[in-house]
Amino acid sequence: TIYPDSEQASVAVAREVARLIRERAAQGRPAVLGLATGSTPTRLYEELVRLHREEGLSFANVISFNLDEYYPMTPSSLQSYVRFMHEYLFDHIDIRPENVHIPDGTVPPEQVAEFCRRYEEQIREAGGIDLQLLGIGRTGHIGFNEPGSGPASRTRLITLDHITRTDAASDFYGEEHVPRRALTMGVGTILEAHEIVLLAWGEGKAAVVKRMTEGEPTDSVPATYLQRHPHVRVVLDEAASAEL
Ligand code: GLP
């Protein structure tokens with residue numbers, strides 16, 4: 001779906017998320033959301049906060065799983081995704097703290113494998129992800145699944161691509177401060193979500209959006225594996241759609 005601008009797109013997707021949450025609440029069931037970070041979803045989160053404040057949208061029945069986190073990373077750091085999610089969403093809504101899941105960047109190296117296994121188990125115990133929101137990196141990554149990530153990959157520790165670290169450099173005041181690794185849900189984990197909405201804005205994403213949607217599925221552009229999902233939608237602004 002191509003919108004004239006990211007503002008209209010973000011508001012429309014926020015309404016869809018709100019509809020899912022309300023539908024589930026009416027059925028007395030949780031809504032399980034897969035959440036993304038980065039600049040792309042910030043306007044969408046702002047709109048969800050507005051719907052909470054002005055239209056009484058409750059998040060009491062929402063269970064959330066974030067895609068990824070830098071590793072190592074302390075939650076209080078300026079660049080942590082824990083901090084990001086609190087700043088843009090969780091601190092302003094009524095989600096229950098025990099229903100929030102974000103990969104833990106403080107897990108000691110020897111416990112990473114067990115942490116990742118448990119993260120997957122928690123997603124399954126919640127009944128799977130109803131709606132997964134995604135951004136896309138210039139390398140074609142979803143979450144932090146860099147080129148080389150296959151369709152069966154699971155939650156794990158990954159080494160970040162040079163381009164990704166360059167793109168994150170300004171957040172960390174220099175590329176040398178960007179962590180070399182990250183914890184991320186796998187491509188396989190993401191593909192198990194019942195429904196996926198990928199958002200991309202701006203001309204900087206136009207080339208990778210074309211590769212993702214028109215290229216053959218390949219490990220070199222992990223986002224191409226979304227083509228195999230039966231309920232995926234790509235939501236773009238005009239600029240991100242320019243090369244299609
Ligand atoms: C990071 C995140 C991704 C996100 C990407 C794009 O790499 N781990 O989940 O999609 O950035 O970021 P932005 O939305 O700022 O372009």
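Predicted model: local features only at pLDDT ≥ 70, side-chain atom pairs only at ≥ 80, totals over all residues.
**Figure 1. Crossing of helices α1 and α2.** Helix α1 covers residues 6–26 and helix α2 covers residues 42–55. Their axes come within 8 Å and cross at roughly 50°. The crossing of α1 past α2 is right-handed.

**Figure 2. Contact between α1 and α2, residue by residue.** On the α1 side, the contact is made by S6, E7, S10, V11, V13, A14, V17 and A18. On the α2 side, the residues that meet them are R43, L44, E47, L48 and L51. Sorted by class, the contact of α1 with α2 consists of eight nonpolar, three charged and two polar residues.

**Figure 3. Two arginines of helix α2, R50 and R53.** R50 has its place in helix α2. R50 counts as partly exposed because 14 C-beta neighbours lie inside 10 Å. From R50 to G188 the separation is 138 residues in sequence and 33 Å in space, C-alpha to C-alpha. R53 is also found in helix α2. R53 has 11 C-beta neighbours inside 10 Å and therefore counts as exposed, the cut-off for exposed being 12 or fewer.

**Figure 4. The cis peptide bond between Y71 and P72.** Y71 and P72 are joined by a cis peptide bond with omega of about -5°. P72 sits in the loop that runs between β4 (68–71) and α3 (81–88). With 17 other C-beta atoms within 10 Å, P72 is partly exposed. Leaving aside residues up to four places away in sequence, P72 touches G105, T106 and P179. For one of these contacts, P72 with G105, the C-alpha atoms are 4.8 Å apart in space and the residues are 33 apart in sequence.

**Figure 5. Y173, a residue other than glycine with positive phi.** The phi angle of Y173 is near 55°. Y173 lies in the loop between α5 (162–168) and β8 (181–184). Is Y173 buried or exposed? Y173 counts as exposed, because it has 11 C-beta neighbours inside 10 Å.

**Figure 6. L226, a buried loop residue between α7 and β10.** The loop that holds L226 runs between α7 (206–214) and β10 (232–237). L226 has 23 C-beta neighbours inside 10 Å and so counts as buried, since 20 or more are needed for that class. Which residues does L226 touch, not counting residues up to four places away in sequence? They are I196, L198, M212 and V232. L226 and P151 are 75 residues apart along the chain, and their C-alpha atoms are separated by 9.1 Å.

How values were computed:
Residues numbered from 1 in each chain as written. Axes fitted to C-alpha atoms, helices over the stretch in contact; angles between N-to-C directions. Helix = DSSP H or I, 4+ residues; strand = E, 2+ residues; numbered from the N terminus. Left-handed = near helix turned anticlockwise from the far one by under 90°. Contact = placed C-beta atoms within 7 Å. Nonpolar A, V, L, I, M, F, W, Y, C, P; charged D, E, K, R; others polar.
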